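The following exercises are intended for a reader who is meeting this structure for the first time. Each task is followed by a solution in steps.

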Amino acid sequence: MKNPFHFTEVATAPSFCNREKECQDLTHYIGNAQNILLFSHRRYGKTSLIHKVLGGLKEVQPFYVDLYGTTSVEEFIAITIRALTCEMPTIEKALGWLRKSFTRLTFQFSTDPMTGLPSVTPTLSGSDEEAALQELFSTLESLSRKKNLVVVFDEFQETSAYNAPYFEKRIRKEIQNHQRISYLFSGSQRHMLSAMFTDTKRALYKLAVSYPLPPIETSHYVAWASALFRHGKRAISEEILDDVVQRCENHPMYVQEFYYHLWEEGVPESGVEGLERAILERRAIEFINLFSSMTPNQKRAMKLLARCGGKGLFSAKNLQSVGFSSTSQATRALEALRVRDDVVKNGTWAVADPLFKKWVLKLA
Ligand SMILES: Nc1ncnc2c1ncn2[C@@H]1O[C@H](COP(=O)(O)OP(=O)(O)OP(=O)(O)O)[C@@H](O)[C@H]1O
Ligand SMILES: [Mg+2]
């Protein structure tokens with residue numbers, strides 16, 4: 001049996017652990033054509049969950065749009081259109097349908113140099129992006145008359161940098177009357193996304209039910225991983241599997257990374273502690289880059305948080321230990337890190353990435 005654990009790609013069976021409740025919840029919302037805002041810190045399993053849910057739908061036609069890397073409304077339109085046509089049986093059929101449905105766009109036919117497959121690239125014929133956007137959503141509405149749809153916009157936070165003030169307003173105007181479509185907005189910048197949907201002044205306010213993705217429970221990880229190790233005839237104790245989950249604070253990508261190595265190499269002589277050291281070393285460049293991108297006060301705040309674990313954060317002794325001269329200085333730096341998504345505040349402050357926290361702890 002091949003190593004079933006993966007930590008760089010979307011998790012599919014058998015490397016997909018549980019999430020039964022989340023699958024049920026999302027399927028239920030989609031079935032009722034509710035709009036959903038799915039968010040979590042990075043690499044928590046949103047895309048994997050979405051694909052699992054879409055794969056199990058029976059009565060609803062899914063369209064999945066990955067907005068990562070898009071920088072303009074024109075690209076938003078183009079990539080959404082590609083998602084609508086990718087299942088069509090022939091390029092001719094796709095072109096015919098596109099020309100009939102979109103009067104504001106022209107379509108070029110080309111061969112993808114990477115895959116050798118034919119593809120269609122839409123371009124805006126005039127300068128009126130807003131009208132083209134309207135046409136895109138009207139087309140979705142027409143499609144939904146035949147069968148209910150779910151349209152997923154993954155990495156939706158990218159749209160905040162489109163520099164198109166009308167974008168959110170137009171989306172609200174179009175989708176609020178779509179009775180047979182569930183729009184699923186997903187992304188990782190919690191702060192930015194929740195501002196989009198929960199700020200009373202923003203156009204998307206209350207347009208979607210908020211679904212913060214919870215961590216996978218420890219017992220689910222242990223049951224899932226022990227079954228896989230058993231199946232692969234590899235001996236490992238539940239204590240070790242549990243220890244990994246605790247160290248990774250239930251973060252799915254890191255849990256998979258530890259299990260991947262335990263499967264390949266077995267438990268090292270230095271134990272799970274030794275494996276953790278090796279993983280921190282492998283990730284050092286990534287963590288150095290992240291730390292370097294912070295201002296001096298943000299670095300102090302990160303050290304403070306890593307050391308105190310959210311407790312006694314603002315005591316004079318702790319503030320001084322990292323070089324802060326006042327509580328307000330520390331609070332400002334923590335707030336800035338929250339906007340960057342590097343720390344979270346759920347009652348208490350915490351570092352978002354559990355292994356980065358361990359790396360920061362090793363700094364002087
Ligand atoms: N249900 C799951 N069971 C086990 N591991 C999972 C599960 N979901 C995700 N993972 C692990 O987490 C990693 C990241 O998953 P995924 O890409 O779905 O997260 P994401 O939240 O969409 O990430 P990003 O914020 O980068 O878009 C996967 O490579 C996999 O190792
Ligand atoms: Mg993702």
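**Exercise 1: The surroundings of a helix**

Task: Determine which elements the buried residues of helix H3 pack against.

Solution. The model is a predicted one. The residues of H3 that are buried are Val-73, Phe-76, Ile-77, Ala-78, Thr-80, Ile-81 and Leu-84. As for its length, H3 covers residues 73–85, which is 13 residues. From first C-alpha to last, H3 reaches 19 Å, close to the 18 Å expected at 1.5 Å a residue.

**Exercise 2: The protein as a whole**

Task: Describe the extent and the secondary structure of the protein.

Solution. Begin with the elements: the protein has 16 helices and 9 strands. Next, its C-alpha trace spans about 65 × 55 × 40 Å along the principal axes. Of its 364 residues, 31% count as buried. Finally, consider the contacts with a separation of 6 or more: 70% of them are between residues 24 or more positions apart.

**Exercise 3: A residue of H15**

Task: Decide whether Gln-329 is buried, partly exposed or exposed.

Solution. Gln-329 lies in helix H15. It has 15 other C-beta atoms within 10 Å. A buried residue would have 20 or more and an exposed one 12 or fewer, so Gln-329 is partly exposed. Leaving aside neighbours within four places in sequence, Gln-329 is in contact with Asn-297 and Phe-324. The C-alpha atom of Gln-329 is separated by 34 Å from that of Gly-69, 260 residues apart along the chain.

**Exercise 4: The shell around ligand 1**

Task: Identify the residues that come nearest to ligand 1.

Solution. Of the 22 residues around ligand 1, the nearest are Cys-17, Gly-45, Thr-47, Ser-48 and Pro-252. Helix H2 (46–55) and helix H10 (252–265) are the elements that give two or more residues to this shell. The shell divides into 8 nonpolar, 9 polar and 5 charged residues.

Definitions and conventions. Residues numbered from 1 in each chain as written. Chains lettered and ligands numbered in written order. Predicted model: local features only at pLDDT ≥ 70, side-chain atom pairs only at ≥ 80, totals over all residues. Helix = DSSP H or I, 4+ residues; strand = E, 2+ residues; numbered from the N terminus. Expected span 1.5 Å × (residues − 1). Contact = placed C-beta atoms within 7 Å. Near = placed C-beta within 6 Å. Nonpolar A, V, L, I, M, F, W, Y, C, P; charged D, E, K, R; others polar.
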